[in-house]
Amino acid sequence: CTRYVLVKNTSVRQGIVDAVQRALKDPKVTSVVICGQNGKFCGGADIREFAGPMSGPPLVPMIHAIEAVDKPVAAAIEGVALGGGLELALGCHYRIAHSKAVLGLPEVTLGLLPGAGGSQRLPRLIGLTAALDLITTGRHVSAAEALKLGILDQVTDNNAVDLAVEFVRSVAGQPLDSRRLSTLPCPCPPDVDSLLDKVMSKVRQRSRGALAPVACVQALRAAASLPYAQGMEKERELMATLFNSGQARALQYAFFSQRVVGKWSLPSGASWDNSTARTISKAAVIGLGTMGRGIVVALALTGISVVAVETQEKQLAEASRVVPAMLQREAGRRRLATPPGVISFSSNLQDVSEVELVIEAVFEDMSLKLQVFKHLASVCRPGTLLCSNTSGLDIDQLAAVTQSPGLVVGMHFFAPAHVMKLLEVVYGPRSSPEAVATAMQLGKRMGKVGVAVGNCPGFVGNRMLKPYLEQANFLLEEGATPQQVDEALEEFGFPMGVFRMSDLSGLDVGWRIRKEAGLTGPGVESTRTRQGRRYSPLPDQMCEAGRLGQKTGKGWYQYDGPGGRVARSDPWVDIFLETYRAEHGLVARSITPEEILERCLYALINEGFNILQDAVAAGPEDIDAIYVFGYGWPRHRGGPMFHAGQVGLGRILERLNHHHSHPDVPHLKPSTLLRRLVAAGSPPVQKWREFINKERVHSQL
Ligand SMILES: CC(C)(COP(=O)(O)OP(=O)(O)OC[C@H]1O[C@@H](n2cnc3c(N)ncnc32)[C@H](O)[C@@H]1OP(=O)(O)O)[C@@H](O)C(=O)NCCC(=O)NCCSC(=O)C[C@@H](O)CCCCCCCCCCCCC(=O)O
């Protein structure tokens, strides 16, 4: 073999075409190895190219040409072979990989399908059943699994390129017909139709309105039932539909948002690339309720040793029993051989004196948290980072009771903390860049999507949730039922509507917060206006009636006893709402799903604009990542701020104005930023950051 180097500064596709052509023409070349540069085979198509017209040689004919070559061609896979990268490898006659390589067809996660023959070649190679799994989930597989599935011919711990060269030399001259996947039949189980139907219904249920998983099944049905050329035609047709769908744009935006938020910056100018993070090896978690336990597991899974502290003996005993089992289960799910972290349980706060970082996860009560922070400040070594898992309390107030307020940040996890991907890293005015960098890096080590956000009540996620919940309650007062509201939201793509979600998390959570805010409780007058704003006492009255949600077996729905999970509508709630309306002289009216979506979602989006205006979030991507990873916003709709752009900012403004002008629907006053964006011609979401910065410079916000 002669080695031809693919030059990186020209299009990779052009490079491959040219190099293969030269190799074909060169009589000295008996076989060909395609490899990547710098130890990475190929991560697939450049997603940014999808936004404009494609240039350079198209992928599909290029792969066909490689497959048709009459000298053996092997792909030497190091690093990754994803998407178009794996499709290129499937066009080669052989595939040799390094043991650490990762393979997959993740196009479905970008709103696409493997559109360069992958949907037709992979099932011909590994069979329909396995291909359905890989293509509809987009999951990555290790080299070992790929070898077992039959995607790879050989795996090595040594140099994959050297092995591939040796390998193709050894097979030079052998017939290649059986190695051309496009010529092979697709191995299918006998009950192929019932398998496809079953997978289709599973996919529809799981995808909540996403188009790509459904198109993937359709493409695989074509692979199973049609000759290759017709299958490719179907693949192209489905790809064209997906390609031009708003969902593909939303999912590709979500891919980049996830990466944008990692490049955080603070209003002070500190940012990910000018701040140094400390590497944490010893941490402590204070409070072993649901959140604390999850955080302990998340830390331990990264190999950090954790001191888990709980002062209540009963809770400590239960946590000592439950946490190791949780760790074992999660390690198993992640295919980690043994959970690497070491956990020690204690009832003594003194035991955290040697750790480098503490996460407080006690009850959501400011006076209790202040007490804990004061204590920590006296127990911990100087320089220990003190973090709070508060879901919305003032980080600055906590920092104020310590000697080093710069070392205090919020680390707001989402339940279950060892599973949910989102982490809000909350910086106060005094938090140091080092503290933020350390919390962000720790989040990354835990596999979280960390988003740096400013300090305000509820931070980003919960601050936006408030007007959303408020509108949902107002809709009940006006005539909707919890089922109607939930159905509209679930149809939109949320895994759970707002009332089912409240039942799951417990109605008492918000009740406690409202009591602390003086909005309800003894001595507060039972009116529909509180602290000068419209207020719905409905959720408080539910709590007063003992209906706290799933845990009491009754909430906005009824369940089969406490802890039950299947929500059924409850005639009690209908009577409760009717009585309430009658008491307050409200006449129920018919409310459309459109109004439900506008009132709930536009309220949430409007608060998102306020948050951007206040610089609590650095950009719309931060808000969108928070909602996609922490609040069940359907990923194929990009996130609330992306969705606003899709709907049209002018339309959102017009509908907010419309609802706001209604005498009994307050709290929907459009944000100044939204107005300014509309006045500026509604620039695309990718331009908002720049726009906000300019407006701020000119003091327009
Ligand atoms: C590769 C990774 C695993 C690396 O992870 P790692 O953690 O190491 O690094 P990062 O994730 O932080 O990434 C670093 C850096 O790189 C950027 N990036 C990564 N991948 C891509 C990409 N694919 N494109 C663009 N940019 C990428 C990332 O943003 C970071 O940039 P930054 O500036 O922040 O530093 C990991 O990155 C990863 O998983 N990547 C994605 C892998 C993937 O999903 N691949 C599939 C891509 S889609 C594809 O391959 C499609 C194919 O099926 C071929 C399609 C054929 C097209 C045919 C067209 C027919 C269409 C018909 C249309 C008809 C139109 C009409 O008729 O109108």
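How do the residues of the shell around the ligand divide into nonpolar, polar and charged? In this predicted model, 13 are nonpolar, six are polar and five are charged.

**View 1. Residues and helices around the ligand.** There are 24 residues around the ligand, and those that come nearest are G43, G84, E87, E107 and R259. Three helices each supply at least two residues of the shell: α3 (84–91), α10 (228–243) and α11 (246–260).

View 2. On the backbone side, an N or O atom of A45 lies 2.8 Å from a nitrogen atom of the ligand. Taken on its own, the ligand has 1,300 Å² of accessible area, of which the protein covers 64%.

**View 3. The eight-stranded sheet.** The strands of this open sheet follow the order β10-β9-β8-β11-β12-β13-β14-β15, and their pairing is mixed. At the edges are β10 (343–346) and β15 (449–454), each of which pairs on one side only. On average, neighbouring strands are turned by 25° against each other, direction ignored.

**View 4. The β9 and β10 pair.** Strand β9 (residues 305–309) pairs with β10 in the parallel sense, over four bridges. Within this pair, A308 stands opposite F345 of β10.

Key. Residues are numbered from 1 along each chain as its sequence is written. This is a predicted model: local features need pLDDT of at least 70, side-chain atom pairs count only at pLDDT 80 or more; totals for chains, interfaces and linings use all residues. Side-chain values use heavy atoms; hydrogens and water are left out. A residue is near a molecule or strand if one of its heavy atoms lies within 4 Å of it. A polar contact is a pair of N or O atoms within 3.5 Å; within protein, one must be able to donate a hydrogen and the other to accept it, and residues adjacent in sequence count only if both atoms are side-chain atoms. Accessible areas come from the Shrake-Rupley method with a 1.4 Å probe; for residues, only the protein chains shown count as cover. Ala, Val, Leu, Ile, Met, Phe, Trp, Tyr, Cys and Pro count as nonpolar, Asp, Glu, Lys and Arg as charged, and the others, Gly among them, as polar. Two strands pair if DSSP finds at least two bridges between them. Axes are lines fitted to C-alpha atoms, for helices over the stretch in contact, and angles run from 0 to 180 degrees between N-to-C directions.
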